[in-house]
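Reader: I would like to learn how to read a model of this kind, feature by feature. Could you take me through it with care?

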Amino acid sequence: MQPSKATIIQLDIASDLQKWRAFLAIAELGSLTRAALFLDSSQSLLSRHLNALERECNARLFNRTGRGVQLSEVGQRLFPHVKALLSDAEQLQLEIRGEAREPAGRVTIGSLPSVTNPIVGKLFNRLQARHPGIQLKILEGSSGQVEEWLADARVDIAILYRYGAALPEQEQALATVDSYLVGAAGDRLTAKPELPFSALDGLPFILPSAPNGLRSALDALARQQHIALSPVLEADSLPLMRSVVAQERLYTVLPLHAVWSEVEEGRLQASKIVSPGLQRIVSMILARSKGPGKAVQAVAAQIVQAVEESTRQGLWRAGAQSG
């Protein structure tokens with residue numbers, strides 16, 4: 001059945017994709033010079049593209065600084081829409097050329113550092129062997145940052161920790177991980193394979209600052225168990241937390257895979273927290289602002305396989321399990 005009328009789409013400023021490609025490169029690299037090198041173009045041409053866009057938008061898209069350029073408030077609002085537009089145009093180009101029979105293109109993953117470390121190498125090797133046309137881009141940040149990137153379509157796939165038994169419908173549970181009290185080498189408490197949650201009472205902790213999923217779960221459980229959980233130092237950097245625990249003999253709470261290398265090398269110790277335990281679900285979410293293309297679906301499938309490989313090593317437990 002033929003439609004009664006054609007889809008009404010009006011294109012004016014958005015029709016010149018080359019100008020917006022220049023905008024995207026300048027925004028991501030923070031410099032006309034670096035963007036020109038990246039695009040194999042001239043700085044003067046990019047400058048003309050940018051000036052034309054700002055005239056057409058009747059707004060400044062970048063603020064010029066001594067070190068380069070930064071997105072203006074208007075530019076920040078436009079950035080995720082431009083990136084989605086160009087990604088869709090790239091996918092259309094692949095379809096036209098007949099290259100989309102095999103997944104290809106760039107897929108951006110946003111993740112927490114403690115999740116990325118155990119799987120990114122496995123994921124890269126799997127993709128090289130099965131889908132060499134796919135290029136990975138990995139962004140690491142706090143849970144709040146990853147959620148923001150997902151909402152703005154800056155990432156195609158987000159991997160996060162979730163606390164509690166149920167996940168939202170659009171999320172996929174990859175694995176369940178236990179929480180461990182992490183201490184320095186030779187520490188008496190963490191020399192034990194397991195310890196009760198009550199043993200955390202009054203310890204000198206380095207923990208993430210609120211708002212943070214782990215911090216919220218720990219604080220809630222501490223209130224339920226009527227114990228004091230007051231960090232002497234707050235930090236949102238995983239490498240910093242590991243080094244401070246090792247050097248200053250503080251404690252932190254992490255999943256085992258986040259400190260696996262340090263424990264194996266004898267630089268840190270980790271004891272599983274029980275009675276009650278504190279589990280978290282490793283969750284995968286696909287960006288909803290654009291449909292998951294073949295490349296995104298292929299990467300998501302390989303993430304599942306990489307996680308399953310980690311579960312066989314004993315670092316995680318498969319799926320969403322009770323605790």
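Reader: Which residues does His257 touch, not counting residues up to four places away in sequence?

Author: Before I turn to that residue, please note that this is a predicted model, in which local features need pLDDT of at least 70 and side-chain atom pairs count only at pLDDT 80 or more, while totals for chains, interfaces and linings use all residues. Residues are numbered from 1 along each chain as its sequence is written, and side-chain values use heavy atoms, with hydrogens and water left out. Contact means heavy atoms within 4.5 Å, and by that rule His257 touches Ser114, Val115, Pro118, Tyr161, Val177, Leu315 and Trp316, once residues up to four places away in sequence are set aside.

Reader: Where is His257 placed, and is His257 buried or exposed?

Author: Helices (H or I, at least four residues) and strands (E, at least two) are DSSP runs numbered from the N terminus, and His257 sits in the loop between strand 10 (252-255) and helix 9 (260-264). A residue is buried under 20% relative accessible area, exposed over 50% and partly exposed in between, with a 1.4 Å probe and protein chains only; His257 counts as buried because its relative accessibility is 6%.

Reader: Which polar contact joins the side chain of His257 to another side chain?

Author: A polar contact is a pair of N or O atoms within 3.5 Å; within protein, one must be able to donate a hydrogen and the other to accept it, and residues adjacent in sequence count only if both atoms are side-chain atoms. Here the side chains of His257 and Tyr161 are joined by a polar contact of 3.0 Å, and a polar atom of the His257 side chain also lies 3.0 Å from the backbone oxygen of Ser114.

Reader: In what sense do strand 3 and strand 4 pair?

Author: Two strands pair if DSSP finds at least two bridges between them. Strand 3 (residues 105-111) and strand 4 (residues 134-140) pair in the parallel sense over 7 bridges, with Ser111 opposite Glu140 in strand 4. A crossover is right-handed if, with the strands pointing away from the viewer, the path from the first strand over the helix to the second runs clockwise, and strand 3, helix 5 (residues 113-130) and strand 4 make a right-handed β-α-β unit.

Reader: Which residues of helix 1 are buried?

Author: Helix 1 (residues 17-29) has 13 residues and reaches 18 Å from its first C-alpha to its last, close to the 18 Å expected at 1.5 Å a residue, where the expected span is 1.5 Å times one less than the number of residues. Its buried residues are Lys19, Trp20, Ala22, Phe23, Leu24, Ala25 and Ile26, and helix 1 is followed by Gly30, whose phi is positive, near 70°.

Reader: Where does a cis peptide bond occur, with omega about -5°?

Author: The cis peptide bond joins Ser275 and Pro276, and Pro276 lies in the loop between strand 11 (268-274) and strand 12 (279-286). Ser275 is found in the loop between strand 11 and strand 12 and has a positive phi, near 50°, in a residue other than glycine; Ser275 counts as exposed because its relative accessibility is 57%.

Reader: What is the phi of Asp40?

Author: Asp40 is not a glycine, although its phi is positive, about 55°. Asp40 is placed in the loop between helix 2 (32-39) and helix 3 (43-57), and Asp40 is exposed because its relative accessible area is 74%.
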